[in-house]
Amino acid sequence: MTDLSGKIAIVTGASRGIGKGIALALAEAGATVYVTGRTVGEGDHVLPGTVGETAALCTARGGTGIAVPVDHADDDQVAALFEQVKREQGRLDILVNNAFALPDDLTDPGGFWEKPLSNWQMVDVGVRSNFVAAWHAARIMTPQRSGLIVAISGYVGRTYTYGTVFGTCKAAVDRMARDMAIELQPYGVTSISLWQGLTFTERANRNIENNPAMKASIVTNPLVGCSPEFPGRVIAALAADERLQRHSGGTFITAELARDYGVTDVDGKVIPSLRDQRGAPIWAPIAETTP
């Protein structure tokens with residue numbers, strides 16, 4: 001079993017969904033996990049889940065969960081988060097950039113001009129927020145000469161999915177992770193991007209239930225879906241890998257890394273890669289491309 005005892009992690013956007021699953025998986029491996037998100041009280045969001053609930057579950061899993069309410073559109077709140085981690089722990093080993101401002105109409109049909117300009121919020125909390133968090137993380141990780149920064153992305157970085165702004169964000173996140181890796185390489189800090197397919201989050205389950213036709217699409221076919229904890233299990237394996245830096249700069253399909261590390265989903269299921277159906281990542285690790 002992966003052992004992350006003594007490791008300090010931040011998972012952004014972890015009140016629910018993929019962020020919550022990743023936080024739980026890291027905590028189960030023994031990590032101390034700072035859980036961020038905007039939802040503090042039940043009923044504050046149409047979907048269930050709060051930062052406090054996730055943090056409590058992290059502790060129940062065997063790690064230590066610490067809830068920190070953060071709006072990742074607010075730079076001051078983000079700065080305070082990293083100051084708290086540095087003050088309380090003196091180090092940071094893992095940052096998972098998962099926070100993303102998903103609009104309610106994301107999966108609705110229609111062109112970009114038929115949807116509100118406010119959908120640009122996905123760039124603010126989904127791209128810019130990744131950069132701001134990574135900026136703060138790098139200031140802790142580079143002096144200690146170690147660390148892992150993970151961007152949660154998806155096949156949408158290569159293949160049209162849902163809409164123009166969504167695809168733009170994920171493609172940008174992939175490239176950002178790669179260029180950060182080049183600049184972080186001399187300091188022993190690893191930066192990667194992970195491609196998730198369908199993940200059975202609260203939102204995804206609701207959308208599929210309300211629109212059964214989604215089951216016919218390769219994008220939202222439940223047969224190829226995974227639990228929210230699956231990417232966390234893969235990130236835990238990465239964080240425990242003594243040769244982690246060989247991956248830096250790469251965009252990886254989570255299911256393929258899982259195969260390499262012998263990781264399965266919580267129910268033992270082997271999650272398939274959709275490389276052939278949805279496309280291959282553009283960015284290989286810099287170790288494979290730098291002369």
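**View A. Lining of the largest cavity.** Fourteen residues, given as 14 in the count, line the largest cavity, and Gln196, Gly197, Ala255, Ile271 and Pro272 lie nearest its centre. A cavity is a set of points on a 1 Å grid over the protein atoms alone where a 1.4 Å probe fits but cannot get out, and lining residues have an atom within 4 Å of a point. Strand E6 (189-196) and helix H8 (254-261) are the elements that each give two or more residues to this lining. The volume of the largest cavity is about 90 Å³. A volume is the space filled by probe spheres set on the points, which are joined across faces, edges and corners. The model is predicted: local features need pLDDT of at least 70, side-chain atom pairs count only at pLDDT 80 or more, and totals for chains, interfaces and linings use all residues. Residues are numbered from 1 along each chain as its sequence is written, and side-chain values use heavy atoms, without hydrogens and water.

**View B. Lining of the second largest cavity.** About 70 Å³ of space lies in this cavity. Its lining includes Asn97, Asn130, Met176 and Ser191. H5 contributes the most, with 4 residues; helices (H or I, at least four residues) and strands (E, at least two) are DSSP runs, numbered from the N terminus.

**View C. Helices H3 and H4.** The axes of H3 (residues 75-89) and H4 (residues 121-144) come within 10 Å and cross at roughly 30 degrees. H3 is therefore roughly parallel to H4, a term for angles under 35 degrees. Axes are lines fitted to C-alpha atoms, for helices over the stretch in contact, and angles run from 0 to 180 degrees between N-to-C directions.

Methods
Parallel < 35°, antiparallel > 145°, perpendicular 65-115°, else oblique. 1 Å grid on protein atoms, 1.4 Å probe; cavity = no way out; pocket = protein on both sides within 12 Å on 5 of 7 lines; lining within 4 Å.
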